[in-house]
Every structure is written in structure tokens, then in C-alpha cells.
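Colleague: Please take a close look with me at how charged side chains pair up here, and explain your terms as you go.

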Amino acid sequence: KNEYSLGVGDTYSEAGVKSVTDNVDGKLDVSSVDISGEVDTSKIGTYEIKYTVFDSLSNKTVVTRTVKVVQKIYNTIQKKLGTDRNFKGLPDDNYVRLSNMMFQVYGVDDNKNVILVADRDVSNVNYTKIDEWLNYYYKHLNKKAQRMIVSSKYCNMSADEGNVNTTECTSYTDSRKVYLPSIVEVNRAKIEDSMESFMTPITMSWVATSKDSKEAYVTRNVFFYEDYGKTFLPYSKTAIYGIRPMFTIKGSSLITGGTGSYEDPYVFSDYQPV
């Protein structure tokens with residue numbers, strides 16, 4: 001078997017070589033095979049073990065076995081979160097690359113799945129066209145990423161300016177593949193007494209929360225002048241601002257590499273680094 005996987009923390013047992021046959025020399029002594037390479041099962045990644053042998057004419061043959069150390073994304077994220085359900089502040093260890101795009105892990109749900117949000121705005125959209133655009137976005141993810149996504153319900157409550165700081169959702173969508181973060185997700189990601197949060201971008205981005213039939217809210221990390229210190233402002237739904245797609249992936253999805261940093265995000269089998 002030239003490729004196999006094992007979990008983080010498992011014990012790697014070198015299978016060795018059962019037999020070696022040369023078309024001229026016939027069977028060779030397996031003890032003459034040089035085995036090189038190491039597998040660190042404490043770290044997610046792909047490792048190579050090389051088996052090198054020479055025949056009587058000093059012709060070299062090298063065979064490579066690939067060993068992938070993997071872990072379920074839910075287990076990895078839950079370990080980092082501890083008793084929390086989502087990341088807060090400005091984490092630097094929750095980055096994921098999926099469908100060759102960068103995301104951050106927002107948190108986990110009740111079904112042991114993992115919620116991702118684009119790490120920045122991916123488009124500018126008229127609020128009234130968001131659903132249409134999100135359907136287009138989902139259809140253009142790669143097929144492996146699509147299969148990882150699970151249909152989920154997302155917060156889509158309305159709010160007035162007196163309760164935009166709530167962390168409780170009162171209304172949800174039907175099950176769907178992709179949506180936007182609402183005021184609730186943005187508020188839950190704040191650290192108390194701090195304006196710093198990975199859910200409030202530098203740009204002005206729509207959230208999935210309406211004020212009324214004419215206006216919806218945008219968020220950013222700092223508003224200015226008389227609006228300084230606010231997290232949300234209502235704007236006309238016909239305006240065009242940024243959007244950050246949010247979706248949920250299966251918690252059983254296997255991480256095949258990465259450490260979760262921006263420079264080295266978690267990756268899955270849908271992505272092959274170059």
C-alpha cells in the first residue's frame with residue numbers, strides 16, 4: 001500500500017518491505033533495502049518514507065510510501081475553543097483554505113459541524129440581490145468543497161437600532177447552503193470591552209439583518225465622526241456593499257495539512273498546494 005492515513009496521536013508502525021524482486025537478480029535480500037524518512041504523528045501533514053535498493057549492477061530503485069497524518073476539523077477546532085462555541089477577538093489560528101479561497105473558522109454548531117466565514121469581502125452586492133449572488137457563489141465552489149457543506153439554518157432576524165447589540169437570535173432561515181453572518185454572530189465574536197473582532201472588517205460589509213423593508217445593516221471595525229464606536233449602521237437595501245459568505249462544513253472533514261495560521265491554513269483534500 002503506497003498511501004495511507006492515520007490520525008493525530010496514533011502510533012506509526014513501519015510496515016517495512018516484505019519482498020524485493022529484480023528482473024535479473026531475482027529475489028533480493030530485504031535487509032539490503034535502505035528505509036529513510038520520518039512520520040511525526042503529533043503534527044497534521046503529509047510524510048514520505050523512501051525505500052532504496054541496489055541490484056548487482058548498482059542500479060538504484062526508489063519506492064515512496066506516502067503517509068498522511070489527519071484529524072477531523074471538529075476535533076481540532078473544539079480543542080482550541082474549549083468551552084466556547086466560537087472564536088472571539090482577533091484569533092490567528094483559525095484559518096482554513098477551501099476551494100482555493102481563505103476562510104476563518106467562526107465556531108461549531110450543535111451537530112458537531114464547523115462554521116466558516118470568508119476572511120474578507122469577496123464581492124460588492126446590492127442587498128436585494130444577495131440571495132441570487134450566494135447561489136451563484138455556491139455553484140462555483142469546487143465539487144469537493146460543495147460535498148463538505150451541510151445545509152444549515154442561519155440567523156436572519158430584524159432589529160432596530162436599540163437592540164443591535166444582542167447576542168440572541170429570534171428568527172432563522174430555512175435550511176440552506178450559504179448565507180451571511182448576522183448581527184448576532186458579529187456580537188458573539190467580540191471580546192468584552194474591546195472593539196477588536198475578526199467579524200468586523202475594515203471595509204463596510206452587509207450583515208444578514210434588516211432594520212425594516214427599506215434598510216439593512218452594515219458592519220465594520222470602526223465608524224467615524226458622530227457614528228464613532230458603533231458596530232452597525234443601517235443603509236438603503238439598494239446600496240452596494242461588501243459581503244462575506246458563511247457556511248457550515250461537516251465536522252468529520254479531514255484536515256490534511258496546515259497549522260491554522262494565515263501563512264499555513266488548514267487544508268483538505270480538495271486543495272493541493274503548489
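Modeller: A residue is called buried under 20% relative accessible area, exposed over 50% and partly exposed in between (1.4 Å probe, protein chains only). This is a predicted model, in which local features need pLDDT of at least 70 and side-chain atom pairs pLDDT 80 or more, while totals for chains, interfaces and linings use all residues. Residues are numbered from 1 along each chain as its sequence is written, and side-chain values use heavy atoms, without hydrogens and water.

The side chains of Asp131 and Arg176 form a salt bridge, at 3.2 Å from N to O (a side-chain nitrogen of Lys or Arg within 4 Å of a carboxyl oxygen of Asp or Glu). Because Asp131 belongs to helix H2 (residues 130-139) and Arg176 to the loop between strand E11 (149-150) and strand E12 (178-179), the pair ties together parts that are 45 residues apart in sequence (helices, H or I, of at least four residues and strands, E, of at least two are DSSP runs, numbered from the N terminus). Arg176 is buried at 19% relative accessibility, whereas Asp131 is partly exposed at 40%.

The whole structure holds ten salt bridges, and another of them joins Lys80 and Asp93 at 3.8 Å, N to O. Lys80 sits in helix H1 (residues 73-81) and Asp93 in the loop between H1 and strand E7 (95-98), so this pair ties together parts 13 residues apart in sequence. Lys80 is partly exposed at 32%, and Asp93 is partly exposed at 28%.

Glu215 is partly exposed at 25%, as is Lys211 at 27%.
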